[in-house]
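Try each task before you read its solution.

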Amino acid sequence: MPADPPHRAVEVRRSARRRRTVSAYREGDRTVVLIPARMSEAEEQRWVGVMLDKLAAQENKRTLGDAELTERAARLSEQYFGGRARPSSVRWVTNQNTRWGSCTPAEGSIRLSHRLQGMPEYVLDYVLLHELAHLLVPGHGPGFWQLLEAYPRTERARGYLEGVVAAERLPKVPAAREE
């Protein structure tokens, strides 16, 4: 289930007393985002996206087990590929530090990097769908990408993962020394 399904409304509440902080919480079937009143529309939209991602990551902190990953993959396959992609196994692995996931179509096995744990659900779903698509189409040709077009958050998830990779490449700033 996506972290912020289309039916979940987002309510933005502006406050004149709020100066710098932005916060968000779930209230029933909607998400409430609290922002400073002076914030522009563009800043509001950016912060709503940031806070939805943050809430999704917090809600996803509970690590899914391999059995739950397999069930999730089956649901995603049914929803986006008509149930045609049927993995024999889906599991977390700790030896993938340069890939988010991998698939061995001949065996029907899918492995996901432990680094995905705690990321927003839409990112995990994208990686699962990416690997499920490899069970149907090997390689990354036009047919492969056409399959993934069915998932509406493909570009957003890819951007998120690209941002994670870029952040990992940033130079490490030495800790400030106290004088």
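**Exercise 1. The largest pocket**

Task: How do the residues of the lining of the largest pocket divide into nonpolar, polar and charged?

Solution: Let's go step by step.
- The residues of this lining divide into 5 nonpolar, 4 polar and 4 charged.
- The space in the largest pocket of this predicted model comes to about 340 Å³.
- Of its 13 lining residues, W100, Y126, H130, E131 and H140 are the closest to the centre.
- Next, look at the helices: helix 3 (121-136) and helix 5 (154-169) each supply at least two residues of the lining.
- Helix 3 gives the largest share, with 5 residues.

**Exercise 2. Helix 2 against helix 3**

Task: At what angle do helix 2 and helix 3 pack, and how far apart are their axes?

Solution: A pair like this needs two numbers.
- Two packed helices are described by the angle between their axes and the distance between the axes.
- For helix 2 (residues 66-81) and helix 3, the angle is about 70 degrees and the axes lie 10 Å apart.
- Angles of 65 to 115 degrees count as roughly perpendicular, and helix 2 and helix 3 are therefore roughly perpendicular to each other.
- On the helix 2 side, the contact is made by L69, R72, A73, L76, S77, Y80 and F81.
- Helix 3 brings E121, L124, D125, L128, L129, L132, A133 and L136 to the contact.
- Sorting the residues of this contact gives 11 nonpolar, 1 polar and 3 charged.

**Exercise 3. Helix 3 against helix 5**

Task: Which residues of helix 3 and helix 5 make the contact?

Solution: Start with the geometry, then list the residues.
- Helix 3 and helix 5 pack at about 100 degrees, with a distance of 9 Å between their axes.
- That angle makes helix 3 roughly perpendicular to helix 5.
- Y122, V123, Y126 and V127 of helix 3 take part in the contact, and helix 5 contributes T154, R156, A157, R158, Y160 and L161.

**Exercise 4. Confidence**

Task: Where in the protein does pLDDT stay under 50?

- The average pLDDT of the protein is 87, and 89% of the residues score at least 70.
- Confidence is highest in helix 3, at 96, and lowest in helix 1 (residues 41-59), at a mean of 86.
- Over residues 1-7, pLDDT stays under 50, and the model has 12 contacts beyond four places in sequence for them.
- Where pLDDT is low, the predicted coordinates should not be read in detail.

Key. Residues are numbered from 1 along each chain as its sequence is written. This is a predicted model: local features need pLDDT of at least 70, side-chain atom pairs count only at pLDDT 80 or more; totals for chains, interfaces and linings use all residues. Side-chain values use heavy atoms; hydrogens and water are left out. On a 1 Å grid over the protein atoms alone, a cavity is a set of points where a 1.4 Å probe fits but cannot get out, and a pocket is an open set with protein on both sides within 12 Å along at least five of seven lines; lining residues have an atom within 4 Å of a point. Grid points are joined across faces, edges and corners, and a volume is the space filled by probe spheres set on the points. Helices (H or I, at least four residues) and strands (E, at least two) are DSSP runs, numbered from the N terminus. Ala, Val, Leu, Ile, Met, Phe, Trp, Tyr, Cys and Pro count as nonpolar, Asp, Glu, Lys and Arg as charged, and the others, Gly among them, as polar. Axes are lines fitted to C-alpha atoms, for helices over the stretch in contact, and angles run from 0 to 180 degrees between N-to-C directions. Angles under 35 degrees count as roughly parallel, over 145 as roughly antiparallel, 65 to 115 as roughly perpendicular and the rest as oblique. Contact means heavy atoms within 4.5 Å. pLDDT is the predictor's confidence in each residue, from 0 to 100.
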